Amino acid sequence: MRMPTAIKLHKASKTLELRYGEQSYNLSAEFLRVHSPSAEVQGHGKPILQTGKLGVGLSSLEPAGNYALKLCFDDGHDSGLFTWDYLYQLAIRHDELWQDYLGELAAAGKSRDPNESVVRLLL
């Protein structure tokens, strides 16, 4: 289990900073929201693509026993428990996971912006 040595919520920049010894990772609230381990996002074995989460922020975080953090997002989502191992995987695989997410959005013709809808014209 890789437990962070420090955790800081930066509400203004909408990021969660995780420190593991000398290494620090800043994860955006949007990244964490679209990778929530909740059933609402992960489905039941078939993940559900999250769209329109560009401006989402973190309103609070709470420890869940000694094994996880409960992240409360300002869009009302608060049902996912982020285990220490899962948070560490999100931190070290951030770039890969983010590119995969952007690719899935593009393939689905969806947007990160909640005020934008993508229309494909067939010419």
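A salt bridge here is a side-chain nitrogen of Lys or Arg within 4 Å of a carboxyl oxygen of Asp or Glu. With that in hand, take Glu96 and Arg93, whose side chains form one at 2.8 Å, N to O. Glu96 is partly exposed at 42% relative accessible area, and Arg93 is partly exposed too, at 32%. (Buried means under 20% relative accessible area, exposed over 50%, and partly exposed in between, using a 1.4 Å probe and protein chains only.)

A word on where this comes from: the model is predicted, so local features need pLDDT of at least 70 and side-chain atom pairs count only at pLDDT 80 or more, while totals for chains, interfaces and linings use all residues. Residues are numbered from 1 along each chain as its sequence is written, and side-chain values use heavy atoms, with hydrogens and water left out.

**Salt bridges**

How many salt bridges does a search of the whole structure find? It turns up five. Here are three of them.

| Pair | N to O distance |
|---|---|
| Glu30 and Arg112 | 2.6 Å |
| Asp75 and Lys53 | 3.1 Å |
| Glu96 and Arg93 | 2.8 Å |

Start with Glu30 and Arg112, which meet at 2.6 Å. Glu30 sits in helix α1 (residues 29-34) and Arg112 in the segment after α4, so this pair ties together parts 82 residues apart in sequence. Helices (H or I, at least four residues) and strands (E, at least two) are DSSP runs, numbered from the N terminus. Glu30 is buried at 4% relative accessibility, whereas Arg112 is partly exposed at 28%.

Then there's Asp75 with Lys53, at 3.1 Å. Asp75 is in the loop between β5 (68-73) and β6 (81-83), and Lys53 is in the loop between α2 and β4 (58-64), so the two link parts that are 22 residues apart in sequence. Asp75 is partly exposed at 35%, while Lys53 is buried at 16%. Both also belong to a network: salt bridges that share partners join Arg33, Glu40, Lys53 and Asp75.

**A hairpin**

Strands β1 (residues 6-10) and β2 (residues 15-20) run antiparallel, joined by five bridges; two strands pair if DSSP finds at least two bridges between them. Lys8 has Glu17 in β2 as its bridge partner. Four residues lie between the strands of this hairpin. In the loop between β1 and β2 you'll find Lys14, with a phi near 55°, a positive value in a residue other than glycine. Lys14 is partly exposed, at 34% relative accessibility.

**The largest pocket**

The largest pocket has a volume of about 320 Å³. On a 1 Å grid over the protein atoms alone, a pocket is an open set of points where a 1.4 Å probe fits, with protein on both sides within 12 Å along at least five of seven lines; lining residues have an atom within 4 Å of a point. Grid points are joined across faces, edges and corners, and the volume is the space filled by probe spheres set on them.

Which residues lie nearest its centre? Of the 16 lining residues, they are Val34, His35, Gln42, Pro47 and Glu104. α2 (39-42), α3 (84-92) and α4 (94-108) each give two or more residues to the lining, and α4 gives the most, with four.

**What the record says**

For residues 7-88, UniProt lists "domain: Gamma-butyrobetaine hydroxylase-like N-terminal", from an unreviewed entry. Its positions follow the numbering used here, feature names are shortened, and annotations may be inferred rather than shown by experiment. In the model, the end C-alpha atoms of that span lie 12 Å apart, and the span is 18% helix and 39% strand.
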